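Here is a structure to go through by its terms. Each label is to be set against the rule behind it.

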Amino acid sequence: MSRKELDSLAAIARDAGQGIMRIYAAGFQVDYKGPGDPVTAADREANALICQRLEAEFPDAAIVAEESLPDTYLDYQSRARVFFVDPLDGTREFVAKNGQFVVMIGLLVDDRAALGVVYAPVTDTLWCGERGIGAYRVGADGNEQPIRVGSVSEPKAARVTVSRSRRSERLKRVLEQIAPQDVAPMGSAGLKGSHVAENSADAYLALGAAGKHWDACAMDALVTAAGGLVSDARGRPLDYRSAELELRDGILASNPQLHRALLSRMALTSERA
């Protein structure tokens with residue numbers, strides 16, 4: 001993709017974020033798609049805006065979006081280019097009004113997360129990355145800065161970010177084995193990945209169920225563009241062409257050296273369990 005196309009995706013994410021903030025400020029009703037799975041007008045309206053704009057600007061691509069009906073993307077596995085869209089990643093955080101939510105648009109090209117845009121509307125911060133090209137961050141002042149993952153290679157020196165709402169006993173045991181310097185609970189997979197990409201955190205770790213493909217694609221592309229590595233918690237590449245959308249085996253995002261060390265520590269924990 002050209003920089004012009006990347007800028008177009010960034011503009012779409014920003015416009016969706018503006019709509020989200022209007023609802024955030026005005027008040028909203030919370031519905032539930034299932035137990036512990038909230039949805040609001042902000043999710044639905046942002047989903048509609050993003051899909052309409054993507055359809056108009058990128059008619060050749062399939063669009064798999066969280067709030068769209070599955071019938072709209074039945075053929076996505078056979079399409080060369082697929083957008084995975086999370087219109088409001090961190091709806092629980094949106095409902096809690098703690099500000100930790102983002103808009104995510106990721107592009108899959110063939111089998112790889114190739115491009116990612118993550119936008120945090122509360123802080124007006126944008127992260128963009130294209131695999132093989134690089135990644136950058138644009139702050140509220142409009143200043144654009146290149147970003148890159150950190151260089152920490154030892155788990156004991158790492159700053160690890162984990163879910164605010166999914167803190168299993170298994171994760172607790174793994175963190176005890178890893179013994180990182182710091183553990184920071186945070187909402188939104190996209191926000192956690194962005195912090196790794198810009199070296200505000202050294203690793204993002206989730207075990208077990210970790211959302212769906214739209215929770216990972218943009219973050220995957222961004223972290224990879226920033227020099228990092230993203231896999232499931234067993235070290236396998238995320239399979240965006242799988243028959244199911246669920247990410248059942250967690251996520252690990254970090255720089256390559258730390259990635260290897262963390263996988264080794266987690267394997268040791270499994271052997272002792």
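The questions below take the sheet, its helices, the salt bridges and the nonpolar cores in turn.

This is a predicted model, in which local features need pLDDT of at least 70, side-chain atom pairs count only at pLDDT 80 or more, and totals for chains, interfaces and linings use all residues. Residues are numbered from 1 along each chain as its sequence is written, and side-chain values use heavy atoms, with hydrogens and water left out.

Q: What makes strand 11 and strand 13 edge strands?
A: Two strands pair if DSSP finds at least two bridges between them; strands (E, at least two residues) and helices (H or I, at least four) are DSSP runs, numbered from the N terminus. The open sheet has five strands in the order 11-10-12-14-13, with mixed pairing. Strand 11 (182–186) and strand 13 (229–231) each pair on one side only, and they are the edge strands. The average twist from one strand to the next is 20°.

Q: How do you know that strand 10 and strand 11 pair, and in which sense?
A: Five bridges join strand 10 (residues 159–163) to strand 11 in the parallel sense, and the rule asks for at least two. Within this pairing, Val162 stands opposite Pro185 of strand 11.

Q: Which strands does helix 5 touch where it packs on the sheet?
A: Helix 5 (residues 189–197) touches strand 10, strand 11, strand 12 and strand 14 (251–254), where contact means heavy atoms within 4.5 Å. Its direction makes about 150° with that of strand 12; axes are lines fitted to C-alpha atoms, for helices over the stretch in contact, and angles run from 0 to 180 degrees between N-to-C directions.

Q: Why is helix 5 called mostly covered?
A: Buried means under 20% relative accessible area, exposed over 50%, and partly exposed in between (1.4 Å probe, protein chains only). Eight of the nine residues of helix 5 are buried, so the helix is mostly covered by this definition. Leu191, Lys192 and Val196 are among the buried ones. Just after helix 5, Asn199 has a positive phi of about 65°.

Q: Why is the pair Glu57 and Arg53 called a salt bridge?
A: The term requires a side-chain nitrogen of Lys or Arg within 4 Å of a carboxyl oxygen of Asp or Glu. The N to O distance here is 3.6 Å, so the pair meets the rule. Glu57 and Arg53 are four residues apart in helix 2 (residues 41–57), which means about one helical turn between them. Glu57 has a relative accessible area of 38% and is partly exposed; Arg53, at 26%, is also partly exposed.

Q: What makes Glu93 and Arg164 a link between distant parts of the chain?
A: Their closest N and O atoms are 3.4 Å apart, in a salt bridge. Glu93 belongs to helix 3 (residues 91–96) and Arg164 to the loop between strand 10 and helix 4, 71 residues apart. Glu93 is buried at 7%, whereas Arg164 is partly exposed at 43%.

Q: Which residues does the salt-bridge network link?
A: The network links Lys212, Glu244, Glu246 and Arg248. Arg248 and Glu246 have their closest N and O atoms 4.0 Å apart.

Q: Which residues of the largest nonpolar core touch the most other members?
A: Phe84 and Ile251 do, out of 42 residues. Such a core is a set of buried Ala, Val, Leu, Ile, Met, Phe, Trp, Tyr and Cys residues joined through side-chain atoms within 4.5 Å. Helix 6 (217–225) gives the most to this core, with seven residues.
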